Amino acid sequence: MRLARHELRQGRTALLVWAAAISFLMAVCVLLYPEMEGDMGELGDMFSSMGSFSEAFGMDQVNFGTLEGFYAVECGNILGLGGAFYAALCAVTMLEKEERGHTAEFLLAHPISRRRILLEKLAASLAQVALLNGAVLAVSLAALAGIGNEVPWKGILLVHLAYFLLQAELVGVCFGISAFLRRGGMGIGLGIAAVLYFLQIIANLSQEAGFLKYITPFGYADGTKIVADGSLDLGLVALGMLYGLLGALAADWEYGRKDIQG
């Protein structure tokens with residue numbers, strides 16, 4: 001796993017920056033809750049009755065005035081978008097950067113198969129996502145324990161699990177796309193994450209667009225729905241993991257046959 005360790009070392013600065021930024025914003029939101037708790041009842045009623053806006057962000061499904069509802073909406077959006085952007089960027093540049101940086105020839109000169117290169121780079125991407133989520137979860141739990149409120153641990157842990165699965169799916173999909181690219185991966189990765197996020201908003205707004213939840217991982221990683229139901233939609237989770245697996249298989253197929261320019 002020498003290549004995987006090299007990728008982890010190479011990406012440690014980006015990992016630390018993203019983990020610190022997301023963790024900081026999550027902690028700030030949690031620590032602000034006790035100061036706002038007295039006004040949350042009125043805010044919750046207001047937010048839940050804002051029509052399409054409430055439906056778009058799922059605020060009609062939870063009580064925004066509770067810690068669980070507040071966490072699902074505010075912290076869920078921070079982790080959902082921030083984590084999705086990081087996972088997409090991490091995976092979509094993992095293969096194309098070798099050609100963009102003209103290091104592919106050096107890498108392929110080593111006695112290691114292309115499939116082994118793929119597996120170790122994919123493992124490094126998943127490990128970075130896991131480390132990010134572990135750091136964010138630790139900071140969030142510390143902040144929750146420090147505010148003195150009764151914490152609905154089940155709902156909050158399910159929210160974190162859902163967003164980790166979302167990021168794992170994005171790693172697989174974007175890793176597959178990376179195998180077809182020679183440059184320009186960062187913009188594509190950010191675009192994919194943003195489009196998938198807005199597809200979920202559209203699905204929430206219109207029943208006719210409900211089929212979009214079968215396309216976007218935000219369909220099962222919707223913090224408000226998870227808190228309201230008290231569980232994950234395992235069917236959508238399985239479909240999302242299938243998309244991630246297909247992305248990884250696409251990477252194996254393309255990377256094994258392409259003419260790599262070093």
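This is a predicted model: local features need pLDDT of at least 70, side-chain atom pairs count only at pLDDT 80 or more; totals for chains, interfaces and linings use all residues.
## Basis

Local features need pLDDT of at least 70, and side-chain atom pairs count only at pLDDT 80 or more, while totals for chains, interfaces and linings use all residues. Residues are numbered from 1 along each chain as its sequence is written, and side-chain values use heavy atoms, without hydrogens and water.

## Helix α9

Helices here are DSSP runs (H or I, at least four residues), numbered from the N terminus. Helix α9 covers residues 185–205. Its 21 residues should span 30 Å at 1.5 Å a residue, with the expected span taken as 1.5 Å times one less than the number of residues. The end C-alpha atoms lie 31 Å apart, which agrees.

Buried residues (under 20% relative accessible area, 1.4 Å probe, protein chains only) of α9 include Gly185, Gly189, Leu196 and Ile201.

## α8 against α9

Helix α8 (residues 153–178) packs on α9 at about 140 degrees, axes 11 Å apart. Axes are lines fitted to C-alpha atoms over the stretch in contact, and angles run from 0 to 180 degrees between N-to-C directions.

Leu170, Cys174 and Ile177 in α8 meet Ile188, Ile192 and Leu196 in α9; contact means heavy atoms within 4.5 Å.

## α8 against α11

The axes of α8 and helix α11 (residues 234–257) come within 6 Å and cross at roughly 25 degrees. The two are therefore roughly parallel. Among the α8 residues in this contact are Leu165, Glu169 and Phe175; the α11 side includes Val237, Met241 and Tyr243.

Technical notes:
Buried means under 20% relative accessible area, exposed over 50%, partly exposed in between (1.4 Å probe, protein chains only). Angles under 35 degrees count as roughly parallel, over 145 as roughly antiparallel, 65 to 115 as roughly perpendicular and the rest as oblique.
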